[in-house]
Amino acid sequence: MIINGFYFLMMEEEIYLEFYLMNLNSLSMIYVGYFDWMGILFMGFVMFISSMIFKYSSSYMNGDLHLKRFIMLMILFVISMMLMILSLNFIIILLGWDALGLVSYILVIYYQNVKSYNAGKLTVLSNRVGDAALLLSIALSVNLGSWNFMFFKEFFSDYSIIKSLSLLIILASITKSAQIPFSSWLPAAMAAPTPVSSLVHSSTLVTAGVYLLIRSFSWMPDFILNLLFYISLITMFMAGICANFEFDLKKIIALSTLSQLGMMITILCIGGIELAFFHLLIHALFKALLFMCAGAMIHNLNGCQDIRYMGSFMKFMPLTCTCMNISNMALCGLPFLSGFYSKDLIVEVFSMSVQNIFIYFMFYFSIGLTVSYSMRLSYYILYGDFNLLSMNYLNDNNNLIMLKSMFGLVLSVIFMGSCLSWVLFSTPYYIMLPFYMKLFTLLVILIGGFMGYEMNNMYYFCESKIYMLYKTSLFMGNMWWFPMMSTYKLSFYFLYMGKMYYKNIDQGWLEFYGSKGLLLLISKSSQFIQLLSQNHLKFILFISLMYFVILMILWL
């Protein structure tokens, strides 16, 4: 599939398919399939990563009573993703979009405990906002005469509708890609099994929003892209800071995903469509590998995810730690790994089109934070002191099948960046920057790595920085109180209102005047009619007498 994508790219081929499903008077139900290099390449990457994760799941979920159900749900998720990727029709995209949200909810609550249920509720309520926005955009696009949004550029003269449509599409995208203010659901969704986090919350579900933005970028007004630019930049900054204060291994990687999604949308908003797509593909590879390595470690630790209990794992699990180090370095953008080719290009293109000094330093500071939390993660897990019990069974032999899946992705993480950079850009980007601006990226990476190591390199005589700044650490570690605002401050009132409506109206007055009231009325009426039918002679004589009396009165 990836080779087919390269073929479509080099030959500049596109296939547009229409299947008429149903015709009803003037209404036509059409499935629109659009096969170009972007869709086929993305689909190839999704299928490659999912195949590795299915292999990984057979070992990670070994002993689970419902393993077949789990695999079927994962397959259903991949099918939903294909439906969304290969269509430019709002209706078909909504089918795939809704199926993604539903299946991800079922997978998040897979372990069926209180934490999973709460995380699943937060996930599904956040995603329903985006689903509602997509439904509204379908209703609004009826005015343009088509649900195929690849033709909307022709309607740019009808500015008010295009403006409203763009706002709705952006709302749908930022809910799925967990941008501010919908960021809290992504770290909460780490309650799902690690194979789910590896497939769903790193390479497919969260990138669906970015992919929709890439597809609809051509007809979006500039002021809406400026708004999205600031949202994604703040998300990138917030996720980078919060990851430096987090101790849950999977949540650190989730916040890292959030930061990279912010970077993709930031570069997309200043016109780098191919760059955003390039980083989307590369990020899917190394983030899936990072989650798989984290899952192998959690599996060996019997479910413990706290990085404070880890340390010196490279002595016990050298192969897993090698894979983790490579994916961590690719995430930081170290030269000649796959992440370097996309991130370095993004940074240099951003530097050429920078708007002001505040934005410039905020972007570079976020990149430094990425290196900082990656170094912190490596220190706590790989190089730091061993903090686990002396009686343990940490070994690479415990997860041989997982290792095969990881090594399937390692080569891609190392070489795929350079291969894609040679093929993807038909003409190279023209970048002309001063020498110091070129070196500034490398300087930020080195400073970020040094700060990440120094801030966390603790000895017994050191004073804890976290307890010195306890309130700041609490604020940063809780994602600027976004989870609190998304649950207690916002969702509570809607859920309470729903409960009151259900209790007082649905199960109350509607029940009284509806089914129960109707049943009572019909039964009373039938009893009265039955009473009349049992005394029909008396009744007929009585009615006849009444008619006679009325006629006599009228006659007189």
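1. The domain bounds quoted in this note come from an automatic or database domain assignment. On that basis, the chain of this predicted model is divided into domain 1 (42-219), domain 2 (221-460), domain 3 (463-501) and domain 4 (508-555).

2. Domain 2 and domain 3 deserve a joint remark. Their C-alpha centres are separated by 26 Å. Contact between them involves 11 residues of domain 2 and nine residues of domain 3.

3. Helix α14 covers residues 338-352, which amounts to 15 residues. From first C-alpha to last it reaches 22 Å, close to the 21 Å expected at 1.5 Å a residue.

4. Because 12 of its 15 residues are buried, α14 is largely enclosed by the rest of the structure. Among these buried residues are F340, L345, I346, V347, V349 and F350, and the list also includes K343 and E348.

5. The second largest pocket has a volume of about 720 Å³. Its lining consists of 25 residues, of which N118, L122, A188, P483 and T487 are the closest to the pocket centre.

6. Several helices contribute to the lining of the second largest pocket: α5 (114-141), α7 (185-188), α10 (249-269), α19 (470-477) and α20 (482-513) each provide at least two residues. Helix α20 accounts for the largest share, with seven residues.

Methods
Residues numbered from 1 in each chain as written. Predicted model: local features only at pLDDT ≥ 70, side-chain atom pairs only at ≥ 80, totals over all residues. Heavy atoms only, no water. Helix = DSSP H or I, 4+ residues; strand = E, 2+ residues; numbered from the N terminus. Expected span 1.5 Å × (residues − 1). Buried < 20%, exposed > 50% of the residue type's maximum accessible area, 1.4 Å probe, protein only. 1 Å grid on protein atoms, 1.4 Å probe; cavity = no way out; pocket = protein on both sides within 12 Å on 5 of 7 lines; lining within 4 Å. Points joined across faces, edges and corners; volume = space filled by probe spheres on them. Contact = heavy atoms within 4.5 Å.
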